Amino acid sequence: EFLDSGNLGLTGTYGTRDGVIHAAAVKALHAAQAHGKPVFLMAVTIFNHSEHGVSMERVPESIRTAAGKVMDSAAERDNLADYVWRTRDFEAAYASTRAAVLGGARPTVLAWFGGHQPAFANAPGLRGRIKSSAAAPAVPDRYLTWYDIASNTGHPQAGERRHRMDVVFLPGLLAQRAGV
């Protein structure tokens, strides 16, 4: 079954926050689980992908102030502050979804992955100026994505893990985590 944003009562725009999509996905998952068969559900969120630094009125002042302390230009400050706010918003939505999906007795595997690193189109020099505490990857960042796989199955690999990897390996990791 394919459910688009209209089927789920969502606007389908870039402005649809991740928490709204997560809630709709959990509702769809519970409806599908009622049939007693295995369910594969994929939800695509896009809110953190939008242009950053455009609608700053929604970004908390504390985040804007912190970004202003490390970025000289207004465009870079706004891009970074908006990105941090959206990332924190996603993190809260994912934590809620994770609790709802993995909290039951039904064997479940939950995965999240990001498509790519932010481009920061409105502040092209920003990415090169952001310092990272992570070790430099063996291959360029454009070939890596962040992901998280968690499970309530008790499978030996069921613990939380967040890695950077080539996303083509994700389906195999999901199958392994599901024990199939």
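Mentor: Patches are made of residues with over 30% relative accessible area and no salt bridge, with like charges joined within 9 Å and nonpolar side chains (Val, Leu, Ile, Met, Phe, Trp, Tyr) within 5 Å. A salt bridge is a side-chain nitrogen of Lys or Arg within 4 Å of a carboxyl oxygen of Asp or Glu. Areas follow the Shrake-Rupley method with a 1.4 Å probe, and for residues only the protein chains shown count as cover. This is a predicted model, where local features need pLDDT of at least 70, side-chain atom pairs count only at pLDDT 80 or more, and totals for chains, interfaces and linings use all residues. Residues are numbered from 1 along each chain as its sequence is written, and side-chain values use heavy atoms, without hydrogens and water.

Trainee: What is the area of the nonpolar surface patch that includes F40?

Mentor: F40, M42, V44, F113, V167, V168 and F169 make the patch. Its area is about 780 Å².

Trainee: Is F40 buried or exposed?

Mentor: Buried means under 20% relative accessible area, exposed over 50%, partly exposed in between. F40 has 69% relative accessibility, so F40 counts as exposed.

Trainee: How many bridges join β1 to β2?

Mentor: Strands are DSSP runs (E, at least two residues), numbered from the N terminus, and two strands pair if DSSP finds at least two bridges between them. Strands β1 (residues 109-113) and β2 run antiparallel, and the bridges joining them number 5.

Trainee: Which residue in β2 is the bridge partner of L110?

Mentor: Strand β2 spans residues 145-151. There, L110 has as its bridge partner A150.

Conventions: Buried means under 20% relative accessible area, exposed over 50%, partly exposed in between (1.4 Å probe, protein chains only). Helices (H or I, at least four residues) and strands (E, at least two) are DSSP runs, numbered from the N terminus.
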